[in-house]
Amino acid sequence: MIFITAKFKVKPEHADNWPEISRDFTEACQAEEGCLWYFWSRTLDDPTEYVLVEAFRDPDAGATHVNSDHFKQAQKDLPPYLQETPKIISQEVDGTDWNELGELAVE
């Protein structure tokens with residue numbers, strides 16, 4: 001799978017509204033056939049920072065994602081709300097789902 005984590009620094013005046021600002025894009029991504037998951041978290045120590053965690057079935061699904069109409073629209077719509085260019089880590093990894101964190105096993 002293609003596993004991606006990206007950090008988005010949202011302008012302070014838009015930080016509380018980011019889930020709504022990005023909603024259409026988020027829902028379109030979640031509906032993609034090759035999307036395994038796509039969700040946002042807000043950083044606890046910086047209320048202007050959101051972290052996106054997403055995964056796609058394979059490189060083809062990742063390519064479909066970045067070439068989709070909704071991705072192209074987001075490239076136009078979202079930057080005005082951001083303080084800086086988002087930072088990203090993107091890796092191809094084995095698997096199709098989350099693994100258990102054995103060090104914190106719940107019995």
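How many disulfides does the count come to? Zero, going by the rule that a disulfide is a pair of cysteine sulfur atoms within 2.5 Å. Here are my notes on that and on the rest of the structure.

1. **Ground rules.** This is a predicted model, so to speak of local features we need pLDDT of at least 70, and side-chain atom pairs count only at pLDDT 80 or more, while totals for chains, interfaces and linings use all residues. Residues are numbered from 1 along each chain as its sequence is written, and side-chain values use heavy atoms, with hydrogens and water left out.

2. **The cysteines.** A disulfide is a covalent bond between the sulfur atoms of two cysteines. Take C29: the closest cysteine sulfur belongs to C35 and is 6.9 Å away, which is too far for a bond. C35 is therefore in no disulfide either, its nearest cysteine sulfur being that of C29. C29 counts as buried because its relative accessibility is 0%; buried means under 20% relative accessible area, exposed over 50%, and partly exposed in between (1.4 Å probe, protein chains only). C35 is buried too, with a relative accessible area of 12%.

3. **Helix α2.** Helices (H or I, at least four residues) and strands (E, at least two) are DSSP runs, numbered from the N terminus. In α2, which covers 23–30, the buried residues are F25, T26 and C29. They sit on the same side of α2, because they cover an arc of only 100° around the axis; the arc is that of the directions from the helix axis to the C-beta atoms. What do the buried residues of α2 pack against? They pack against β2 (35–42), α3 (59–66) and α4 (69–77).

4. S22 lies in the loop between α1 (18–21) and α2. With 1% relative accessibility, S22 counts as buried. Leaving aside neighbours within four places in sequence, S22 is in contact (heavy atoms within 4.5 Å) with W40 and L78.

5. **The nonpolar cores.** A nonpolar core is a set of buried Ala, Val, Leu, Ile, Met, Phe, Trp, Tyr and Cys residues joined through side-chain atoms within 4.5 Å. The largest one has 18 residues, and those with the most contacts inside it are F8, V10, W18, F25, Y38 and F56. At least two residues of this core come from each of β1 (2–9), α2, β2 and β3, and β1 gives the largest share, four residues. F25 touches Y38, H65, H70, F71, A74 and L78, not counting residues up to four places away in sequence. Apart from this core lies another, of five residues, among them W37, V51, V53 and A55.

6. **Helix α3.** Here A61, G62 and H65 are buried. Seen down the axis, the buried residues of α3 fall within an arc of 100°, so they line one face of the helix. On the other side of α3, D60 and T64 are exposed. The buried residues of α3 pack against α2, β2, β3 and α4.

7. You'll find D58 in the loop between β3 (49–56) and α3. D58 counts as partly exposed, at 23% relative accessibility. A side-chain oxygen of D58 reaches to within 3.2 Å of the backbone nitrogen of D60, at the start of α3. D58 and L36 are 22 residues apart in sequence and 9.7 Å apart in space, C-alpha to C-alpha.

8. **Salt bridges.** A search of the whole structure finds four salt bridges, each a side-chain nitrogen of Lys or Arg within 4 Å of a carboxyl oxygen of Asp or Glu. In one of them, the side chains of K9 and D46 meet at 2.4 Å, N to O. K9 lies in strand β1 and D46 in the loop between β2 and β3, so this pair ties together parts that are 37 residues apart in sequence. Both ends count as buried, K9 with a relative accessible area of 19% and D46 at 18%. R42 and D16 also form a salt bridge (2.9 Å, N to O). R42 is in strand β2 and D16 in the loop between β1 and α1, 26 residues apart. R42 is partly exposed at 32%, whereas D16 counts as exposed at 62%. D58 forms a salt bridge with R57, the closest N and O atoms being 3.2 Å apart.

How values were computed: Polar contact = N/O pair within 3.5 Å; in protein donor to acceptor, adjacent residues only side chain to side chain.
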